[in-house]
Amino acid sequence: MQAIQILTTGSPDVLTLRDLPTPTVGPGEAFIRIEASGVNFIDTYFREGRYPARLPYTLGQEAAGTVTAIGPNVSTVKVGDRVAWCGIPGTYAQFAVAPVSRLVQIPESVTAAQAAAAILQGMTAHYLSHSAYPIQTGDEVLIHAGAGGTGLLLIQMAKARGAHVFTTVSTEEKAALVRAAGADEVILYTQEDFAARIKKLASGLHAVYDSVGKTTFDKSLEVLRPRGTLVLFGASSGAVPPFDLIKLSLLGSLYVTRPTLKDYIATRADLESRAGDVFNAVAAGTLKLRIEHTYPLAEAAQAHRELESRRTTGKLILLP
């Protein structure tokens, strides 16, 4: 089978299309023909070496496809089932083997591309808005990078939970997208200081959802109200430098959390609940996906370049 691997860490140029042995299915596993694989910032972290991986390493953390074989002791899925999964490395490929305990069924009205676009980022937006900081009606929140794949979904979920949503974007085109998703206040961070603007409009926010990291962290703390929460769930601009926790006290007994999806879908019940909520909303049309571009598997490097350029909006998908 063909797959995208890294033999060394570095720029998108290190992504290599290789012919690999087809994996074999073992007990408790399913063999899946991948029909769509999502591209995420976490993939770039592994490629760069920011997250360690044993080389050679097949990239990819989420996909959707059809079960074509099952291993011994499997009764929860069968050949022909349409499934999606995330958090299992190796989805930049034509085929994959995954534990059936991590697979979720795709509703009939949801396509493989939609499932791959929603499974990781949709559940991320879900745990952020429902659990990491559970939004309540009337809360004022800031969502950085609102026009990204997770950002657009998080805006929609925050609005559904009754929040007044501030968001930051870089261009007028992206501003139009986040307004369509429901954002109430849109700030072009390329033209004005987001913290100064928010301080003019609000006395302090209940929460900030920050996937940017280094360049936004300090000012994200500044716009919170006393006992507000900063949910730092990414670092697209780089890692946050070492930080003296006394500053949280000085700014009003603030909370900071650095969550990750795997801890919010660690149990089968949590996985099924979050994935079910996301897929049902996609099927009903109440959660709208933006799949901006699809690429052949061989063009994974180009997908990484465009993702890291910060010019993209919505979701990028690889088609094996």
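Analyst: A cavity is a set of grid points where a 1.4 Å probe fits but cannot get out. The model discussed here is predicted.

User: What is the volume of the largest cavity, and how many cavities of 30 Å³ or more does the structure hold?
Analyst: Rolling a probe the size of a water molecule over the atoms shows where empty space is left. The structure holds two cavities of 30 Å³ or more. The largest cavity has a volume of about 60 Å³.

User: Which element gives the largest share of the lining of the largest cavity?
Analyst: The residues that line the largest cavity include A117, Q121, G149, L152, L153 and K288. By class, this lining has five nonpolar, three polar and three charged residues. The largest share, three residues, comes from α3.

User: Which strand gives the largest share of the lining of the second largest cavity?
Analyst: The second largest cavity has a volume of about 40 Å³. Its lining consists of A84, W85, C86, R102, V104, I119, I265 and L271, and by class these are seven nonpolar, no polar and one charged. The largest share, three residues, comes from strand β6 (residues 82-86).

User: Which residues are the closest to the centre of the largest pocket?
Analyst: About 1000 Å³ of space lies in the largest pocket. Its lining is made up of 47 residues. The closest to the centre of the pocket are F41, I42, L120, T150 and F233.

User: How do the residues of the lining of the largest pocket divide by class?
Analyst: The elements that give two or more residues to the lining of the largest pocket are α1 (41-48), α2, α3 (149-160), β10 (164-169) and β16 (315-319). By class, the residues of this lining divide into 22 nonpolar, 19 polar and six charged.

User: What is the handedness of the crossing of α2 and α8?
Analyst: Helix α2 (residues 112-132) packs with helix α8 (residues 268-284) at an angle of about 115 degrees, and their axes are 9 Å apart. Among the residues that make the contact are A118, I119 and G122 of α2, together with L271, A275 and V278 of α8. The residues of this contact divide into ten nonpolar, five polar and two charged. The crossing of α2 and α8 is right-handed.

User: Which strands are the edge strands of the open sheet of six strands?
Analyst: This open sheet has the order β11-β10-β9-β12-β13-β14, with parallel pairing. Neighbouring strands are turned by 15 degrees against each other on average, direction ignored. An edge strand pairs on one side only, and the edge strands here are β11 (185-188) and β14 (255-257).

User: What angle does the direction of helix α5 make with that of β11?
Analyst: β10 and β11 pair in the parallel sense over four bridges, and V169 has L188 in β11 as its bridge partner. Helix α4 (residues 172-181) packs on the sheet and touches β10 and β11, with its direction at about 165 degrees to that of β11. Helix α5 (residues 194-201) also packs on the sheet, touching β9, β10, β11 and β12 (205-210). The direction of α5 makes an angle with that of β11 of about 155 degrees.

User: Which residue of β2 stands opposite A3?
Analyst: An open sheet of three strands has the order β2-β1-β4, with antiparallel pairing. Its edge strands are β2 (15-19) and β4 (57-58). Five bridges join strand β1 (residues 2-6) to β2. Opposite A3 stands R18.

User: Where is P56, and is its peptide bond from L55 cis or trans?
Analyst: Most residues other than glycine have a negative phi, and most peptide bonds are trans. P56 has its place in the loop between α1 and β4. With omega near -5 degrees, the peptide bond from L55 to P56 is cis.

User: What is the phi of A145?
Analyst: A145 is found in the loop between β9 (140-143) and α3. Its phi is positive, in a residue other than glycine. The value is near 50 degrees.

Conventions: Residues numbered from 1 in each chain as written. Predicted model: local features only at pLDDT ≥ 70, side-chain atom pairs only at ≥ 80, totals over all residues. Heavy atoms only, no water. Pairing = 2+ DSSP bridges. Axes fitted to C-alpha atoms, helices over the stretch in contact; angles between N-to-C directions. Left-handed = near helix turned anticlockwise from the far one by under 90°. Contact = heavy atoms within 4.5 Å. Nonpolar A, V, L, I, M, F, W, Y, C, P; charged D, E, K, R; others polar. 1 Å grid on protein atoms, 1.4 Å probe; cavity = no way out; pocket = protein on both sides within 12 Å on 5 of 7 lines; lining within 4 Å. Points joined across faces, edges and corners; volume = space filled by probe spheres on them.
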